[in-house]
Amino acid sequence: MEIRVLQYFLMVAREENITRAAHLLHVTQPTLSRQLMQLEEELGVTLFSRGNHRITLTEEGLLLRRRAEEIVLLSEKTKADLQRREGALSGTIFVGAGELRSSQFLAQLMAAFRKDHPLVRFELYSGNADNIKERIERGVLDVGLVPEPVELAKYEFLRTPIQEQWCALVREDSPLAQLEHVCPEDLLGIPLILPQREILQKEMARWFGPLWEKLDIAASGNLLYNMAALVREMDGCVLTMQRLDCQFDGLLPVPLSPPLEAGTVLIWKRSPTFSPVTGAFLHFSKSFLTGMKDNEK
């Protein structure tokens, strides 16, 4: 399979129309149709269900689309890693991060690096720790900022100086919103929405202690916006890491007591070689963190 043909396939899958896709790709319709038929012959499957005005992906086509998106992205990333302008560091660094207070630190780090290397470009991906680790393993991301606890055996890492604070996100008219702190016993009988990651739920279980088995766990999720909508409708509570400058209409964050904190780490895959731009960024990150620690003394 050629990368070019996979790009053709993805365009047709997106547009669901060969004529429109051919126009966007600047190829003739017969040429595009022939390339798609040759791809189906090569794979031995039917990729499209063809109608009069619209074509849709078959089950095999849906699988190929997922794989093709990864292959094309990895191809483009590899090309960007290898291409440098003469006499200056350039290229693209692919960075993943969650919605964290320490995202401000990451932004400072990236801005400082780009001040020294203005030809460098960053490509940002937002997701939870599992999404980010998976993409690092596949080579789609170079580095990721993730909260602890996280399994670090497979990664090189740097700890950031930021501690994430857990809170209870509740409705403004909830009795919990009037409290200075929320304790485990305050949440008995309250519909709770928890983070989806199992490792974080274990942290929650340790914080609640014996009360864990008595909780009303209504839902779990990985996107705070959607979980916040549930809080409004259920008059419940999301246990989440407090976001920096992030507000949700009608909801208030209340700190937990005893406090529940989490460190954050910058992780990257153990590898003997990196692209020049990624290697330079990792070296700069170590120096940047050392400088921050020295300034705190």
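Two strands are taken to pair if DSSP finds at least two bridges between them, and helices (H or I, at least four residues) and strands (E, at least two) are DSSP runs numbered from the N terminus. Pro-195 sits opposite Gly-221 in S8. With helix H7 (residues 198–208), S7 and S8 make a right-handed β-α-β unit; right-handed here says that, with the strands pointing away from the viewer, the path from the first strand over the helix to the second runs clockwise. The model is a predicted one, so local features need pLDDT of at least 70 and side-chain atom pairs count only at pLDDT 80 or more, while totals for chains, interfaces and linings use all residues. Residues are numbered from 1 along each chain as its sequence is written, and side-chain values use heavy atoms, with hydrogens and water left out.

Strand S3 (residues 91–97) has neighbours of its own. S3 pairs with strand S4 (residues 120–126) in the parallel sense over seven bridges, and Gly-91 stands opposite Val-120 in S4. Another parallel pairing, over three bridges, links S3 to strand S5 (residues 143–147), where Val-143 is the bridge partner of Val-95. S3, helix H5 (residues 103–116) and S4 also make a right-handed β-α-β unit. Seven of the seven residues of S3 are buried (under 20% relative accessible area, against over 50% for exposed and in between for partly exposed; 1.4 Å probe, protein chains only), so the strand is largely enclosed by the rest of the structure. In a regular strand the side chains alternate between the two faces of the sheet. In S3, Gly-91, Ile-93, Val-95 and Ala-97 point one way and Thr-92, Phe-94 and Gly-96 the other.

Then there are the aromatics. A search of the whole structure turns up nine aromatic pairs, with rings of Phe, Tyr and Trp (its six-membered ring) pairing if their centres lie within 6.5 Å, and planes under 30 degrees apart counting as stacked, over 60 as edge-to-face and the rest as tilted. The rings of Phe-9 and Phe-48 have centres 5.5 Å apart and planes at 55°, so this pair is tilted. Phe-9 belongs to helix H1 (residues 3–15) and Phe-48 to strand S1 (residues 48–50), so the pair ties together parts that are 39 residues apart in sequence. Both residues are buried. For Phe-113 and Phe-281, the centres are 5.2 Å apart and the planes at 80°, so that pair is edge-to-face. Phe-113 lies in H5 and Phe-281 in helix H9 (residues 276–296), so parts 168 residues apart in sequence are tied together. Phe-113 is buried, at 0% relative accessible area, and Phe-281 is buried at 0% too.

Most residues other than glycine have a negative phi, and most peptide bonds are trans. The peptide bond from Glu-148 to Pro-149 is cis, with omega near 5°, and Pro-149 is in the loop between S5 and strand S6 (155–171). A cis bond also joins Ser-257 and Pro-258, with omega about 0°. His-26 has a positive phi, near 60°; this residue is in the loop between helix H2 (18–25) and helix H3 (29–43) and is exposed, with a relative accessible area of 74%.
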